[in-house]
Amino acid sequence: MARSATDGRIRSVPMSSGPVVTRFAPSPTGHLHIGGARSALFCWAFAKRAELEHRARSGTPGQGGRFMIRIEDTDQARSSDESARGILEDLAWLGIEWDDGPTLEVAGADGSLRTIGAQARDVGSYFQARRVAMYNAYIEYLMSIGRAYPAFDSADELDKLRKMAVAAKQTFKYPRPADFTFGQPCTARIERAKKGEPHVVRFAMDSSAVIVRDEILGDVKIAPGEVDDFVIRKADGFPTYHFAVVIDDELMGVTHVMRAQEHLANTPRHVALQRALTRLDTKQPFRTPSFAHMPLIMNMDGSKMSKRDKAKAARKAVKDLMAKDTSVTPAALAASLQQDTQMVADFVAGENDNLDLAGLIAAKLGVTLPEIEVWDFRRNGYVPEAIINFIALLGWNPGMKLPDGKDLEKFDAAFMAEHFSVDRVGKTPAKFDRAKLQSFNGDYLNALTDQQFAAKWRAFLAEYEPEVLAKLLTRGESAFSILAAAVKPRAKTLRDGINAVRFALVADDEVAYDAKALDKLRTPDAKNAPQGGTPRTGVELLNAARERLASLGQSDWAAGTIHTLLEQLAQQLGIGIGQLAQPLRVGVTGAGVSPGIAETLAALGRSSTLSRLDRCLALVRV
RNA sequence: GGCCCCGUCGUCUAGCCUGGUCCAGGACACUACCCUUUCACGGUAGUGACAUGGGUUCGAAUCCCAUCGGGGUCACCA
């Protein structure tokens, strides 16, 4: 073991004694935040790279690097198993899979079931709520060596003290009780606690300065006395985050802690705890893992990107509506949503940020909430590959050039597993620019083959827009393929691909004709005539095209033949095919925008095309 | 407010550690043009940044200091 030859004291176990272990430790109180996804990705990539390099040296598989998931469900009131499962599913969907952690069954591409996660290292439950006995053993230990003590202050009392401190423009620090002596077990307090008096347990901070070595930020020094005696066990008997993290990271062999910068200020507490603790099993002091605090992800306006932004957006929509229409009240809204009146009223007043309610309100009012959670991006038609690539770039870049001298910025998770390193993680907070994400997503979709895209789009529609899919499929399989191919270069997301095929979703007799477009059809245009000939109207061309198309039988109705036919007709009329295409577009879609005209007509089918053209011709005569 | 972190185009960033090759490169967005049957796609070009002020140096985006600006954190949440 790690015994120094010179002083014989056991200081720390060298990291080389076991695998690199990183962890992502979400709190199961909602969906996976996009920032959490990035943290998980970086932790994953770090462990993967260590493992890859270990195997390249012919090491034992699994001994080079491991990525672990731990569920931090010590907040009894807010945690749920459902949320934990949702977070695991989001990670799996992104392709971020864990070596150790709760198990999750996922269906592979071929439909077969596969399990992610395993109890591979015998480190106990990956759910903190099931590890309470262990935390208590360490808390007893700390109390026995005079590094922790029960405290009996009520929440109200502390609140009062805090408010006084704020009023006096001072920072509140919990005053260490006079009857506690650092390093001496406070038997009187321990006795009181044993008798069942409600209490929390506080850690007695030592008075030395704490230096946090951060792989990204460098050394961060915190002066002695900056951190007060913080709570390590709540009145409900559960450990606080700070305590559970330190115990579990040690017991689970975590070597590298990578998390968002918002945790930087907590780190001195963790380091202080590590310095005070000794393992109960091996009697070895706790190790301090390597820390790396990643830059935060911000909104475009510079505020922190938070789940609450969704609640804010929904609340604003309600308030805007209430300002315009006085009949709208929280009570009326609650009734129409079939939700509790008080809850809705509180939500509108800003008393709670219920995200489910925010979603209901947004759907009701037809407003789009900002995408914050992985789940939001997923149902809005982003693909995991694009999300991974984009969030990787929020704070990290490979620092490589393409042969043409441009920066390499398109890559996949496997590339990250091979090249990720902490020293290329930036320090500056990044604003989340959805326009760039959309561009990445569109590029990814466009790079797919038509077949691949069609399959992806179909799966997306089946899951999130089944009615749209059903309508599209009524036109037949081949029509769906044609439409999917037409959508591919036009879609930034799988969802907005729907916009490109709106024309195929309306019934033939419900096509809305744009008044200006109809006017244009009625107006003679010199471009519609052969060189020097008399100007023709769009209607004339439409009639000619309609007649010619009608001559095409059902079995010949395909993009290729339609294109040839229109080309021939245009030639006979002495005009370009474009002059023919525009009136036809208006005729079948109601406006002048659609995919290629031959594809559009082919996807619509013979009977829809002809009946729409007839309806348009009838309208235009009026 | 205390403590801590950060500061290159509108945005993500390369360059910074190891000053000169940087009147600062790429990507997204934007603008123009080309391609084209509309919309897209694709192609070409353009607009656009070293926060400010002092040092150090022959020379600073790069090193030092100050100012200003942004952010995080100060719970029996994690």
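Modeller: The second largest pocket of this predicted model has a volume of about 700 Å³. A pocket here is an open set of points on a 1 Å grid over the protein atoms alone, with protein on both sides within 12 Å along at least five of seven lines, and lining residues have an atom within 4 Å of a point; volume is the space filled by probe spheres set on the points. Among its 24 lining residues, Trp93, Ala107, Arg378, Pro384 and Lys456 are the closest to the centre. Two or more lining residues come from each of helix H2 (81-94), strand S3 (104-107), strand S4 (113-116), helix H13 (384-392) and helix H16 (450-464). H16 gives the most, with six residues. (Helices of at least four residues and strands of at least two are DSSP runs.) By class, the lining has 15 nonpolar, two polar and seven charged residues.

Residues are numbered from 1 along each chain as its sequence is written, and chains are lettered from A. Local features need pLDDT of at least 70, side-chain atom pairs count only at 80 or more, totals such as linings use all residues, and side-chain values use heavy atoms.

Three cavities of 30 Å³ or more turn up in the whole structure, a cavity being where a 1.4 Å probe fits but cannot get out. The largest cavity holds about 70 Å³ of space. Of its 11 lining residues, Asp249, Glu250, Val254, Arg287 and Pro289 lie nearest the centre. Helix H6 supplies the largest share of that lining, three residues. Five of the lining residues are nonpolar, three polar and three charged.

H6 also leads us to a helix pair. Helix H3 (residues 132-144) packs against H6 (residues 241-251) at an angle of about 105°, with the axes 10 Å apart. H3 is therefore roughly perpendicular to H6 (65 to 115 degrees). Their contact (heavy atoms within 4.5 Å) is made by Met134, Tyr135, Tyr138, Ile139 and Leu142 of H3 and by Phe243, Ala244, Ile247, Asp248 and Leu251 of H6. Nine of these residues are nonpolar, none polar and one charged.

Definitions and conventions:
Axes fitted to C-alpha atoms, helices over the stretch in contact; angles between N-to-C directions. Parallel < 35°, antiparallel > 145°, perpendicular 65-115°, else oblique. Nonpolar A, V, L, I, M, F, W, Y, C, P; charged D, E, K, R; others polar.
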